[in-house]
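User: I am new to this structure and would like to know what stands behind the terms used for it. Please set each value against its definition.

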Amino acid sequence: MVVNLRRYTVGVTTTRREQILDTAATLFAERGFHGVSVHDIGSACGISGPALYKHFAGKGDILTQSLISISERLLAEGRSRSENARSADEALAALIDWHTEFALAHPALIVIQEREWANLEADGRREVRALQLAYVDIWVDTVQHLRDDLDAAEARAAVQATFGLINSTPHSARISESSMASRLARMARAALLA
């Protein structure tokens, strides 16, 4: 079964840069980084391939900026949800809901994060990894508040395994989005608190 990796948001204004990043992410997820040219991205955006160079240094920069952008977004929203929660239990629920919402709404970004990591330049890899680790740390802190029997390494392992569960949705979501979100939330909570 082929999973539709294209998502469209009605009524949301995006910049040309965001349009390029979203379009490129979908193309990279569908065809792989090496199967997509600058011309392909430009054509899909309704502009010439060379016009992309007004926004990005090249195809590698587009991939890097895609992964930096999603990592920044995950981190910012994770911090916000955690800080606005009234308890560790509420923070965990908010984090699970956020990551699940993101994974279901942006399957192409999940796929390129998983599959195209090796195509990132070293500087981009370091920046993305630092953002991702900061995001993981929010989860680890929350889990440790609820599971004081876990040290940081055990909590990190549980969090990363839970990300694997949630991030499997581009490959496994075969039921309605709302049913999948509900199922994932229950499974993630059970995995983290087991």
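User: What makes Asp151 a cap of the N-terminal end of helix 7?

Analyst: A side-chain oxygen of Asp151 lies 3.1 Å from the backbone nitrogen of Ala153. A polar contact is a pair of N or O atoms within 3.5 Å; within protein, one must be able to donate a hydrogen and the other to accept it, and residues adjacent in sequence count only if both atoms are side-chain atoms. The model is predicted: local features need pLDDT of at least 70, side-chain atom pairs count only at pLDDT 80 or more, and totals for chains, interfaces and linings use all residues. Residues are numbered from 1 along each chain as its sequence is written, and side-chain values use heavy atoms, with hydrogens and water left out.

User: How do you know that the span of helix 7 agrees with its number of residues?

Analyst: Helices (H or I, at least four residues) and strands (E, at least two) are DSSP runs, numbered from the N terminus. The expected span is 1.5 Å times one less than the number of residues. For the 15 residues of helix 7 this gives 21 Å, and the end C-alpha atoms are 21 Å apart, so the two agree.

User: Why is Arg147 called buried?

Analyst: Buried means under 20% relative accessible area, exposed over 50%, and partly exposed in between (1.4 Å probe, protein chains only). Arg147 has 15%, so it is buried. This residue sits in the loop between helix 6 and helix 7.

User: What does the side chain of Arg147 reach?

Analyst: It reaches the backbone oxygen of Ala194 at 2.3 Å. A polar contact of 2.6 Å also joins the side chains of Arg147 and Asp149. With neighbours within four places in sequence left aside, Arg147 is in contact (heavy atoms within 4.5 Å) with Leu192, Leu193 and Ala194.

User: Which residues of helix 7 are buried, and why are they said to line one face?

Analyst: They are Ala155, Ala158, Val159, Thr162, Phe163 and Ile166. Seen down the axis of helix 7, they fall within an arc of 140°, so they line one face. The arc is that of the directions from the helix axis to the C-beta atoms. Ala153 and Ala161 are exposed on the face turned away from the buried side.

User: Which residues of helix 9 are buried, and what do they pack against?

Analyst: Met180, Leu184, Ala185, Ala188 and Leu192 are buried. Their arc is 135°, so they too line one face of helix 9. They pack against helix 4, helix 6, helix 7 and helix 8.
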